[in-house]
Amino acid sequence: FGDSGGEFLVSRLDQTNLHLRKIAGRLTAPALYDLGSIAVPWQDSPPPAPALGSVTDISTGDFRPAHAMWRNGSIWLAQGTVDSGRAACRWYQIDAVTRNVLQTGTVADPVLSFFYPAIAVNERGDVAMAFNGSHAGQYVGAYCTGRLASDPPGAMSEPLLLRAGQGPYDRVDGNGTNRWGDYSYCS
């Protein structure tokens, strides 16, 4: 949103670094710029999530950042990670110029697994994050959380169940993975 001077690409470099690139220039002759690494808290792929009635645990994806967006000089993004042995959702606000993490947080629960996060930020800096959640006694449901720009850095509200799951899910692919759509979205 606004003129960032190009399009940013964020990927995982290793367990404590993200990698930032930028595509800039005319569409007829774009250039890819390597902007370097961004130090972040340790992150790794989330484990599969148990879900009520599912024979095979739900695939929660991996550590790749998702839904990166530029707003007011910051890059905002979310990614799946692991917290206390369960799938969790991590989010970041990164200064697009200095590559410093301005704030980050992890949405986790002692019982629920949270996975496939998506993030959206408005012009005031208020944030919404959507994701899926489940545990052995609950079907996969849709959740969200958020924060106001005035909230303390790194804080998100308690996750809110948007829609409870309706039944077990078993769509095991040829690799033995019970893939759950692979993505969420919010705007």
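**Note on the predicted model**

1. L32 counts as exposed, at 55% relative accessibility; exposed denotes over 50% relative accessible area, buried under 20%, and partly exposed the range in between (1.4 Å probe, protein chains only). This residue belongs to strand β3, residues 31-39, where strands (E, at least two residues) are DSSP runs numbered from the N terminus. Together with L9 and I23, L32 makes a nonpolar surface patch of about 250 Å². Patches consist of residues with over 30% relative accessible area and no salt bridge, nonpolar side chains (Val, Leu, Ile, Met, Phe, Trp, Tyr) being joined within 5 Å; a salt bridge is a side-chain nitrogen of Lys or Arg within 4 Å of a carboxyl oxygen of Asp or Glu. Accessible areas come from the Shrake-Rupley method with a 1.4 Å probe.

2. This is a predicted model, in which local features need pLDDT of at least 70 and side-chain atom pairs count only at pLDDT 80 or more, while totals for chains, interfaces and linings use all residues. Residues are numbered from 1 along each chain as its sequence is written, and side-chain values use heavy atoms, with hydrogens and water left out.

3. The mean pLDDT (the predictor's confidence in each residue, from 0 to 100) is 95 for the chain, and 100% of residues score at least 70. Confidence is lowest in strand β4 (residues 66-71), with a mean of 89, and highest in strand β7 (residues 101-107), with 98.

4. Q103 is located in strand β7 and is buried, its relative accessible area being 11%. Its side chain forms a polar contact of 3.5 Å with the side chain of R147; such a contact is a pair of N or O atoms within 3.5 Å, one able to donate a hydrogen and the other to accept it. A polar atom of the Q103 side chain also lies 2.8 Å from the backbone nitrogen of G154. Beyond four places in sequence, the contacts of Q103 (heavy atoms within 4.5 Å) include W76, W91, P152 and P153.

5. Q93, in strand β6 (residues 86-95), is likewise buried, at 14% relative accessibility. A polar contact of 2.8 Å links the side chains of Q93 and Q103. The C-alpha atoms of Q93 and I75 are 5.8 Å apart, although 18 residues separate them along the chain. Among the other residues touched by Q93 are S74, N100 and L102.

6. Q138 lies in strand β10 (residues 138-147).

Notes: Helices (H or I, at least four residues) and strands (E, at least two) are DSSP runs, numbered from the N terminus. Patches are made of residues with over 30% relative accessible area and no salt bridge: like charges are joined within 9 Å, nonpolar side chains (Val, Leu, Ile, Met, Phe, Trp, Tyr) within 5 Å.
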